[in-house]
Amino acid sequence: MGRHSLLVRQLWVTVSLTIAAAAAWADTPPSLLQILPERFNQASQIVESPDGRVFVADSYNNRIVILSASGATLGQFSAAGPAAGTLRVPAGLVFDLAGNLYVADQFNHRIVKYSFAQAPLMTFGSLGSGPGELTYPTNMAISPDGTRLYVTELGNDRVSMFDTNGNFLGSFGGSGAGPGQFDHPWGMVVDQAGRVYVGDQLNHRIEVFSATGAFQSQFGSFGSLPGQFHNPVGMNFDAVGNLYVCDQLNNRVQKLTHDGAPLTEWGTYGSGPNNFYNPWCVLAHSDGRIWVSDTYNFEMKIFGFQPTPAKRASWGQVKARFR
């Protein structure tokens with residue numbers, strides 16, 4: 001191959017990769033709207049209540065913080081301990097259709113159920129790997145019909161399923177890197193069709209299961225390109241079915257279609273307004289704003305997102321990148 005042919009081939013490969021990367025971003029990234037004055041010590045999950053308030057599991061402060069939709073602090077509840085109504089490193093949160101709140105009480109290896117007014121109602125689960133037992137429960141999600149509660153277990157590399165009264169329904173997963181297996185599962189969300197999406201942290205992928213736990217598909221791999229991950233953790237769907245993933249060690253949030261096609265990303269490592277230092281969880285609020293827990297900057301950031309139509313990269317745009 002001559003030198004001229006080699007240069008042409010190298011240019012074509014570079015141009016092809018550039019077009020692919022440019023075409024991947026169908027949406028523009030969001031803009032930072034505000035950084036909340038409240039400080040958190042690893043906010044592990046953010047959920048919206050039925051009345052639009054925001055509840056945050058502030059893990060290492062052993063509390064649940066309640067905020068308005070605009071970010072004003074309204075209150076908090078719980079304290080550290082093993083007694084009923086207390087929490088030790090709370091992680092996951094989810095509301096059922098009746099407005100009751102479930103908290104994954106991580107270091108007490110149990111789930112605590114509260115009323116809408118935050119009164120403790122019941123606990124279920126205990127340390128272990130048997131049916132109905134839990135080891136470091138982390139995130140939670142609930143089926144669209146409100147009958148099935150899903151709990152990721154960091155220590156058992158599985159997802160356990162319960163009804164809303166704490167009765168054990170089954171589990172799926174297990175340690176490994178094969179289809180349907182996990183290595184430190186954390187984030188989890190259920191779509192409107194009832195499919196369960198699990199962030200398989202150390203396998204750097206998202207796995208998708210049926211409502212009863214049958215493996216269906218997966219997407220993602222280790223890396224920093226669009227659609228790749230380095231420890232995916234918190235996830236959330238917006239109102240139109242786009243998936244947001246906290247790509248923790250890439251210090252960014254990715255927005256993808258429900259089947260993993262990249263739409264946009266934002267964030268880089270740092271402590272500035274548009275930086276992240278290990279983003280942990282994300283909420284697509286019903287008002288259209290995106291909340292992100294910026295873990296080691298101890299901040300909660302809110303972004304405004306306006307999607308734009310997909311644009312095909314032109315030859316002129318590609319050439320401009322090489323000037």
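A salt bridge is a side-chain nitrogen of Lys or Arg within 4 Å of a carboxyl oxygen of Asp or Glu. The structure considered here is a predicted model, in which local features need pLDDT of at least 70 and side-chain atom pairs count only at pLDDT 80 or more, while totals for chains, interfaces and linings use all residues. Residues are numbered from 1 along each chain as its sequence is written, and side-chain values use heavy atoms, with hydrogens and water left out.

The structure holds 15 salt bridges. One of them joins the side chains of Arg-252 and Asp-247, at 2.6 Å from N to O. Arg-252 counts as buried (under 20% relative accessible area, where exposed is over 50% and partly exposed lies in between, with a 1.4 Å probe and protein chains only), because its relative accessibility is 4%. Asp-247 is buried as well, at 0%. Elsewhere, salt bridges with shared partners link Arg-39, Asp-294, Glu-299 and Lys-301 into one network.

A further salt bridge connects Glu-153 with Arg-158 at 2.6 Å, N to O, and both residues are buried. The side chains of Arg-205 and Glu-207 also meet in a salt bridge, at 3.4 Å from N to O.

Attention now turns to Phe-77. This residue belongs to strand β5, residues 73-77 (strands are DSSP runs of E, at least two residues, and are numbered from the N terminus). Phe-77 is buried, with a relative accessible area of 11%. The C-alpha atoms of Phe-77 and Arg-63 are separated by 5.8 Å, although the two residues stand 14 residues apart along the chain.

Conventions:
Helix = DSSP H or I, 4+ residues; strand = E, 2+ residues; numbered from the N terminus.
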